[in-house]
Amino acid sequence: MTKNKIPAAPSIRRLPSYLHIIRQAQSDGLEYISGTVIANELVLEPIQVRKDLAITGIIGKPKRGYPVGELITAIEHFLGWDSAKNAILIGAGNLGTALTGYQEFKNHGLNFVAAFDNNPQKTGTQIHDVPVYSFADLKPKLKNLNASIAVLTVPSTEAQSITDNLVEAGIKAIWNFTNVKLKVPEDVVVQREDLTSGYAMLCVVMGKAY
Ligand code: ATP
């Protein structure tokens, strides 16, 4: 898939929840599932579900719906969840440690092969069986790790300078859990997952609702 053909982010974001429902249908023994059933479950319009699923290349059959097994394979393939990906963690603190232990990532092929930290008390230890190395050793260690993704869980104040180091070391995909909008060259992909902005949203909505 070329960069300018990437489907809209909301469609991609909905696919995991479709997958969850379709897997449930499979474990209930169903061979087909209709777009309407998925839509009702998620309170979406059926047309939206059909459009989203079409990006995986699977078209439903009139009256029967989608073949469950094929649909699961197609979504997993589209998401890249059917192939393993090595990741490194930068910042072996509380959030980073939690992410390395999260089973759902492992189920989707995300494999943490190393963590890097600048705290000498952390280097040389392990978090969830992942070795923690000194950040100063990033470049030489990276050569043998075959890692395509860097997961960033350092304090926000450190995020940009660490990112500059990651880019220089050849990292092309960064999953950014800090609240900094990182500046990177065009060929580097950044996905920002700012948990504090999610919490801010919750607080404001909660404040208006009660
Ligand atoms: P802890 O208090 O155990 O360090 P924490 O989650 O509260 O955990 P943070 O201050 O959020 O820690 O930092 C996250 C991690 O990032 C820590 O392990 C810290 O040592 C590491 N870290 C901070 N600055 C850098 C840096 N410049 N390079 C690499 N790692 C860093």
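Helices here are DSSP runs of H or I with at least four residues, and strands are E runs of at least two, numbered from the N terminus. This is a predicted model, where local features need pLDDT of at least 70 and side-chain atom pairs pLDDT 80 or more, while totals for chains, interfaces and linings use all residues. Residues are numbered from 1 along each chain as its sequence is written, and side-chain values use heavy atoms, leaving out hydrogens and water.

Back to α4 itself: its 12 residues (68-79) should span 16 Å at 1.5 Å a residue, and the end C-alpha atoms lie 17 Å apart, which agrees. The expected span is 1.5 Å times one less than the number of residues.

Which residues of α4 are buried? They are Val68, Leu71, Ile72, Ala74, Ile75, Phe78 and Leu79, where buried means under 20% relative accessible area with a 1.4 Å probe, protein chains only. An α-helix has 3.6 residues a turn, so residues three or four places apart point the same way.

Here is what covers that buried set, among other things:

| Element | Residues |
|---|---|
| α1 | 9-27 |
| β1 | 32-33 |
| α3 | 46-54 |
| β2 | 66-67 |

Zooming out, the chain has nine helices and nine strands, and its C-alpha trace spans about 60 × 45 × 35 Å along the principal axes. Buried residues make up 36% of its 210 residues.

Definitions and conventions. Buried < 20%, exposed > 50% of the residue type's maximum accessible area, 1.4 Å probe, protein only. Contact = heavy atoms within 4.5 Å.
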